[in-house]
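User: I have a chain open and want to walk through it. Can you take my questions as they come?

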Amino acid sequence: MLETPTGEAEATGQAGTGQAGFWTLQQAQALHGLPFNDLIHGAHAVHRRHFDPNAIQLSRLLSIKTGGCPEDCGYCSQSARYDTGVKATRLMALEEVVAAARRAKAEGATRFCMGAAWRSPKPRDLARVAAMVEAVKALGLETCATLGMLTGEEAGALRAAGLDYYNHNVDTSPGFYGEIISTRTLEDRLATLANAREAGLKLCCGGIVGLGETLDDRLAMLVLLANLDPAPESVPLNLWNEVAGVPVAARAERPDAIAFARLVAVARIMMPQSVLRLSAGRQYMSDEAQALCFFAGANSLFLGETLLTTRNASEERDAALFARLGLTAMPAGEGVDADA
């Protein structure tokens with residue numbers, strides 16, 4: 001029987017809050033090493049304690065400024081350092097963003113996420129993004145943005161405009177981070193997360209698996225996320241999404257469906273109140289693999305056939321899968337415990 005930081009036995013589904021504990025790599029390894037059926041059963045019990053097990057949070061992601069990023073993230077199609085075929089664009093007009101948000105809401109999304117390929121926003125661009133946030137919020141959608149590094153003042157300006165969530169992924173483990181990025185440190189990322197928290201923003205923060213990291217790297221990434229105080233409200237789990245021309249492509253290898261479901265289950269137990277999103281790479285997953293991940297605790301995804309610059313599962317396929325599994329859209333306002 002495994003003892004968690006809160007002293008409760010997660011192997012039997014007795015979840016703590018995950019908000020004040022301190023997880024170790026050894027505890028994550030012990031969880032991951034449970035027999036598969038025990039791990040999945042325990043994770044589903046945790047999931048059911050905190051969420052409606054048949055509800056999925058639906059988001060839509062729009063690239064409001066594509067390409068030309070000066071960073072050297074070794075997986076990214078938008079880095080100016082690599083020839084990936086992505087054409088750099090200017091920041092979109094407010095009217096275009098609002099029109100996309102209206103379509104997203106009509107298609108069932110409750111959150112609209114805006115991404116810009118910057119190291120950090122310039123003052124004139126931040127003002128334009130704040131106007132977008134305000135307009136999208138006025139449509140009744142939750143708002144999320146990913147704009148690179150933020151100062152405390154910048155985070156405060158976005159919060160004042162109505163931003164709900166700030167996305168800034170840690171990407172991978174502390175030990176593997178330097179293998180894929182050199183232009184921005186993990187400490188830089190953590191500083192931005194702290195600035196967002198201080199401004200009153202909720203966090204959307206996760207990482208990518210399949211970049212050539214080890215299993216312990218994947219678990220160490222979950223430990224890092226779970227030990228943030230509090231843990232991120234949203235945790236996107238991305239599978240390596242194939243991008244030609246980036247350094248990671250030479251060594252990337254996505255985990256198989258069972259390995260990824262194990263990771264989802266460990267994340268659910270370690271972060272019981274966080275919404276776990278199946279993000280990039282979902283188009284590679286079979287319906288059965290996605291169903292297994294939903295049972296293990298994943299309860300969010302992106303709608304639409306494009307995620308920034310890479311492919312996503314088709315909307316028709318998602319609709320059919322939801323019907324087969326009896327899944328419905330989660331109402332706006334995630335993280336509310338379900339008495340299920």
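User: Start with β9: which residue there is the bridge partner of L58?
Analyst: The bridge partner of L58 in β9 is L301. Strands here are DSSP runs (E, at least two residues) and helices likewise (H or I, at least four), numbered from the N terminus. This is a predicted model, in which local features need pLDDT of at least 70 and side-chain atom pairs count only at pLDDT 80 or more, while totals for chains, interfaces and linings use all residues. Residues are numbered from 1 along each chain as its sequence is written, and side-chain values use heavy atoms, with hydrogens and water left out.

User: In what sense do β1 and β9 pair, and over how many bridges?
Analyst: Parallel, over four bridges, with β9 covering residues 300–303. Two strands count as paired if DSSP finds at least two bridges between them.

User: And which residue of β2 does S59 stand opposite?
Analyst: R111. β1 and β2 (residues 111–116) pair in the parallel sense over six bridges. β1 also pairs with β12 (residues 328–329), again parallel, over two bridges, and there A55 has T328 as its partner.

User: How many of the residues of β1 are buried?
Analyst: 11 of the 11, so β1 is largely enclosed by the rest of the structure. Buried means under 20% relative accessible area, exposed over 50%, and partly exposed in between (1.4 Å probe, protein chains only).

User: What about the nonpolar core, which residues touch the most other members?
Analyst: I64, F112 and L222, in the largest core, which has 96 residues. Helix α9 (residues 257–270) gives the most to this core, nine residues. A separate second core of six residues includes C113, C144, Y165 and F302. A nonpolar core is a set of buried Ala, Val, Leu, Ile, Met, Phe, Trp, Tyr and Cys residues joined through side-chain atoms within 4.5 Å.

User: What is L222 in contact with?
Analyst: Leaving aside neighbours within four places in sequence, L222 is in contact with L237, L263, V266, A267, M270 and M271. Contact means heavy atoms within 4.5 Å.

User: Switching topic. Which cysteines does UniProt list under "binding site"?
Analyst: The unreviewed entry lists C69, C73 and C76. UniProt positions are given in the numbering used here, feature names are shortened, and annotations may be inferred rather than shown by experiment.

User: Is C69 buried or exposed?
Analyst: C69 is buried, with a relative accessible area of 10%. C69 sits in the loop between β1 (55–65) and α3 (94–106). Apart from neighbours within four places in sequence, C69 contacts Q78, S79, A80, A117, W118 and R119.

User: Where is C76, then?
Analyst: In the loop between β1 and α3. With neighbours within four places in sequence left aside, the contacts of C76 are Y82, T84 and V246.

User: Last one: how many helices and strands does the chain have?
Analyst: 11 helices and 12 strands. Of its 340 residues, 58% count as buried.
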